[in-house]
Amino acid sequence: MLEVLGLDQPAEALYIILVDNPPMAVGELCRRTGIEPDAAVAALVRLEDGGLISRLTGSPPLYTALPPEHALEVLLLARERDIHKVRALTGQLTERHREARRSRDSTALIEVVTGRDGVARCGQQLFKRAERELRGIDAPPYAQATDGERVSSATAVAGRDVRSRFIHARHTLSMPGVVARLEVDITAGEEVRFLPEAPMKLIIADDQAALIPLLATPQVLDACILVRPSALLDALSTLFESLWAQAQPYMPGRPVPIGPNEFVSDEERRIVSLLAMGMSDEAISRQLGVGHRTVQRRVQALLGRLGATSRFQAGVLAAGRGWWQPDQERADGPLAASRGRAPISP
């Protein structure tokens, strides 16, 4: 156990004997531990130099253990200082390694990852290594290892102060179960926005690495490019921020009381939000799990209630009526943390 403090096995055995007993001579220590005299003397010297034991005058000299709470604390502090030095050196060496690779071989900035398992594991590693922020553009096909494990930030981000922002293609709202999962993610802190079309799949972790498909429109996600800090990574980051500014939040803000003479249900809020996203009645029906004709009746009732002439206008008017209150911190500003995503990521 004390090896972590720099003590080898003979020194640890001798020290424990001295902690449990009164002062002892070398001969008695050797008899109790089975350590050869020369090895015991050398170990005792190391223990004395480390401030763990003291040698008493006499013939033969006796050795006694010093109070462990003080002696071991000194070693711990020394080891912590060494660890800090090694960490600082690690950072310096990492930067030197990066600079050397950047100057000698630009191909080191890009790595091709192949195979379903390789792509899935690489994506999951990006989720896990993120310390500040995950950003991504989400669109099918989705990475999945051959053992069936789906790439997801749900387990990697849960419980950590990592901001998570993802852009989705609007057509994914018609996929079964997507709306329900998105609402869970948004409630947990996920920032989600939509574009009519997603130009590409993308994951960016802390501006330190990005993952993009090798092919522009892959049918199966079995080959990707891992991009390390470079002008290309900067360009991908700029692309994401530009698209994020253009994208439309899903159900922005939070519900608020709207007075005793007007009531809006959670289902009505969902319908209005989906209308504003451009979804058809049939797609809304699938997402909410209600009949197509039922959705048609409720959509018409909502349009009449709001005085809207179009489906998109219904969403705008609903926000103006206070059916939800725009939350600028959620829509535009920094969000302190994100707690997990459903498995609909790259």
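Trainee: Which residues have the most contacts inside the largest nonpolar core?

Mentor: This is a predicted model, and the largest nonpolar core in it has 25 residues. Within that core, the residues with the most contacts are Leu-173, Ile-271 and Ile-284.

Trainee: Which helix gives the most to this core?

Mentor: At least two residues of the core come from each of helix 7 (178-188), strand 6 (191-195), helix 9 (266-276), helix 10 (281-288), helix 11 (292-306) and helix 12 (311-320). Among these elements, the one that gives the most, with five residues, is helix 11.

Trainee: What is Ile-271 in contact with, leaving aside its neighbours within four places in sequence?

Mentor: Ile-271 is one of the residues with the most contacts inside the largest core. Once the neighbours within four places in sequence are set aside, the residues in contact with Ile-271 are Ile-284, Leu-288, Arg-298, Val-299 and Leu-302.

Trainee: How many residues does the second, separate core have?

Mentor: Apart from the core already described, there is a second one, and its members include Leu-14, Val-26, Cys-30 and Tyr-63. The number of residues in this separate core is 20.

Trainee: Is helix 1 roughly parallel or roughly perpendicular to helix 3?

Mentor: Two packed helices are described by the angle between their axes and by the distance between those axes. Helix 1 (residues 9-20) and helix 3 (residues 37-49) have axes 9 Å apart and pack at an angle of about 75°. Since angles of 65 to 115 degrees count as roughly perpendicular, helix 1 is, relative to helix 3, roughly perpendicular.

Trainee: How many nonpolar residues are in the contact of helix 1 with helix 3?

Mentor: Helix 1 contributes Pro-10, Ala-11, Leu-14, Tyr-15 and Leu-18, while helix 3 contributes Ala-40, Ala-43, Leu-44 and Leu-47. By class, the contact has no polar and no charged residues, and its nonpolar residues number nine.

Trainee: How far apart are the end C-alpha atoms of helix 5?

Mentor: Helix 5 (residues 116-129) has 14 residues, which at 1.5 Å a residue should span 20 Å. The end C-alpha atoms agree with that expectation, because their separation is 20 Å.

Trainee: Is Asp-206 buried or exposed?

Mentor: Asp-206 is found in the loop between strand 7 (202-205) and strand 8 (209-213), and although Asp-206 is not a glycine, its phi is positive, at about 55°. Most residues other than glycine have a negative phi. The relative accessible area of Asp-206 is 9%, and a value under 20% counts as buried, so Asp-206 is buried.

Trainee: What is the relative accessible area of Asp-207?

Mentor: Asp-207 lies in the loop between strand 7 and strand 8, and it also has a positive phi, near 60°, in a residue other than glycine. Asp-207 is partly exposed, with a relative accessible area of 41%.

Trainee: What separates the C-alpha atoms of Arg-193 and Leu-243?

Mentor: Arg-193 lies in strand 6 and is buried, with a relative accessible area of 4%. Along the chain, Arg-193 and Leu-243 are 50 residues apart, yet the separation of their C-alpha atoms is 9.5 Å.

Trainee: Among contacts between residues at least 6 apart in sequence, what percentage join residues at least 24 apart?

Mentor: The protein chain has 346 residues, of which 43% are buried, and its secondary structure comes to 13 helices and 10 strands. Among contacts in the chain between residues at least 6 apart in sequence, the share that joins residues at least 24 apart is 73%.

Notes. Residues are numbered from 1 along each chain as its sequence is written. This is a predicted model: local features need pLDDT of at least 70, side-chain atom pairs count only at pLDDT 80 or more; totals for chains, interfaces and linings use all residues. Side-chain values use heavy atoms; hydrogens and water are left out. Helices (H or I, at least four residues) and strands (E, at least two) are DSSP runs, numbered from the N terminus. The expected span of a helix is 1.5 Å times one less than its number of residues. A nonpolar core is a set of buried Ala, Val, Leu, Ile, Met, Phe, Trp, Tyr and Cys residues joined through side-chain atoms within 4.5 Å. Buried means under 20% relative accessible area, exposed over 50%, partly exposed in between (1.4 Å probe, protein chains only). Contact means heavy atoms within 4.5 Å. Axes are lines fitted to C-alpha atoms, for helices over the stretch in contact, and angles run from 0 to 180 degrees between N-to-C directions. Angles under 35 degrees count as roughly parallel, over 145 as roughly antiparallel, 65 to 115 as roughly perpendicular and the rest as oblique. Ala, Val, Leu, Ile, Met, Phe, Trp, Tyr, Cys and Pro count as nonpolar, Asp, Glu, Lys and Arg as charged, and the others, Gly among them, as polar.
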